[in-house]
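Keep the structure in view while reading.

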Amino acid sequence: MTFAPQIKVPATYMRGGTSKGVFFRLEDLPQAAQQAGEDRDRLLLRVIGSPDPYAKQVDGMGGATSSTSKTVIVSPATDGEHDINYLFGQVAIDKAFVDWSGNCGNLSSAVGAFAIHSGYVAKEKLPENGIATVKIWQQNIGKTIIAKVPMTNGEVQETGDFELDGVTFPAAEIELSFVKPVDESESLFPTGNLVDVLTTPEFGSISATMINAGIPTIFVNAADIGYTGTELQDDINNDVEVLAKFESLRAHGAVKMGLISDIKEAEQRQHTPKIAFVAEPRSYKASSGKNILTEDIDLLVRALSMGKLHHAMMGTAAVAIGTAAAIPGTLVNQAAGGGQRDSVRFGHPSGTLKVGAAASFNGDVWKVEEAIMSRSARILMEGWVRVLH
């Protein structure tokens, strides 16, 4: 019996923020995978090592967590306004499923650097020493992201002293600006309310802020679901029944937000919306052993991604946190002490993160001009991935 050989596909393995994934240039993919569809999904699933009933992704590039089961496809922009197009695929671990419904804010920090390495950014836009501004079109959600990438001697600078909780080693700082995360035609609050009542069989009727900024996100109060907001991954991720309750909450919220019409559809929309719980600041010990003091933070936030409590914070959820915190009356704003603010520092399982947002009230509608945060990124490995396709 003969078997087809593996193919070699040029790829780069990168860390961006507290995530990492396999990056591709669109033109390097096999012809059939250069278009959206089954061929592309099948290729990316096999690259990452999914579906894996053992949930380890041993036979692929994935790291068996939502933060490390990711793919990115980059191509030159042709609209005359942006430098590149950026498409993100969240690969399920134990299912044959690639979710294209949202962006990854963490990997967004690596996209600008990857574009420069790939020769996609015009040389006249790249300073020999200084900051290169890369204008990115995020294809999943149809939004602009501006990445400010440091350059030294004509090359992307990856080393530095910027520390990001959730990442072990320091690196160069990359500032990200999420421009107009909500279009004029879209609703920042899909239900029209800053706070809704969300009812599920598991939790009954509780308050929820449902917002569409960065990524659709459902915020609830930690106390309403039996938590303090200081929880770490092991407090939640080892309990199958608890995770099922969170998934039910996410599914019912998705229906109320108009993202799906029936809770069963949530199974095929795992990446969005996100579910998060908030609380007033209090001291706790982060997963690294670092002591986070009450006075270090404005509030506590814990968020789930792909059915598990995230080890730090998703970048897109951070945009939602910063936006909601800037709007008086939301649960996030209330947990942070209320009032109008242009930035917050929140505590997450790995430490703290600061995010800023500019929000304004026009007539009877809240508008957000941009959300800003800093991340870091670097190349871990480059060459080819081999895959049977």
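## Arginine 250

In this predicted model, arginine 250 has a relative accessibility of 5%. Buried means under 20%, so arginine 250 counts as buried. The residue is part of helix 4, which covers residues 240–256.

Leaving aside residues up to four places away in sequence, arginine 250 touches Ile218, Ala266, Arg269, Gln270, Thr272, Pro273 and Ile275.

## The largest pocket

Sorted by class, the lining of the largest pocket has 15 nonpolar, 19 polar and 10 charged residues.

## The second largest pocket

The second largest pocket has a volume of about 280 Å³. It is lined by 16 residues, and Phe162, Arg345, Leu353, Lys354 and Ser374 are the closest to its centre.

Strand 19 (351–362) and strand 20 (365–375) each supply at least two lining residues, and the largest share, five residues, comes from strand 19. By class, the lining of the second largest pocket has six nonpolar, three polar and seven charged residues.

## Helix 5

Is helix 5 largely enclosed or open? In helix 5 (residues 315–325), 11 of the 11 residues are buried, so the helix is largely enclosed by the rest of the structure. Among the buried residues are Gly315, Val319, Ile321 and Ala325.

Technical notes. Residues are numbered from 1 along each chain as its sequence is written. This is a predicted model: local features need pLDDT of at least 70, side-chain atom pairs count only at pLDDT 80 or more; totals for chains, interfaces and linings use all residues. Side-chain values use heavy atoms; hydrogens and water are left out. Buried means under 20% relative accessible area, exposed over 50%, partly exposed in between (1.4 Å probe, protein chains only). Helices (H or I, at least four residues) and strands (E, at least two) are DSSP runs, numbered from the N terminus. Contact means heavy atoms within 4.5 Å. Ala, Val, Leu, Ile, Met, Phe, Trp, Tyr, Cys and Pro count as nonpolar, Asp, Glu, Lys and Arg as charged, and the others, Gly among them, as polar. On a 1 Å grid over the protein atoms alone, a cavity is a set of points where a 1.4 Å probe fits but cannot get out, and a pocket is an open set with protein on both sides within 12 Å along at least five of seven lines; lining residues have an atom within 4 Å of a point. Grid points are joined across faces, edges and corners, and a volume is the space filled by probe spheres set on the points.
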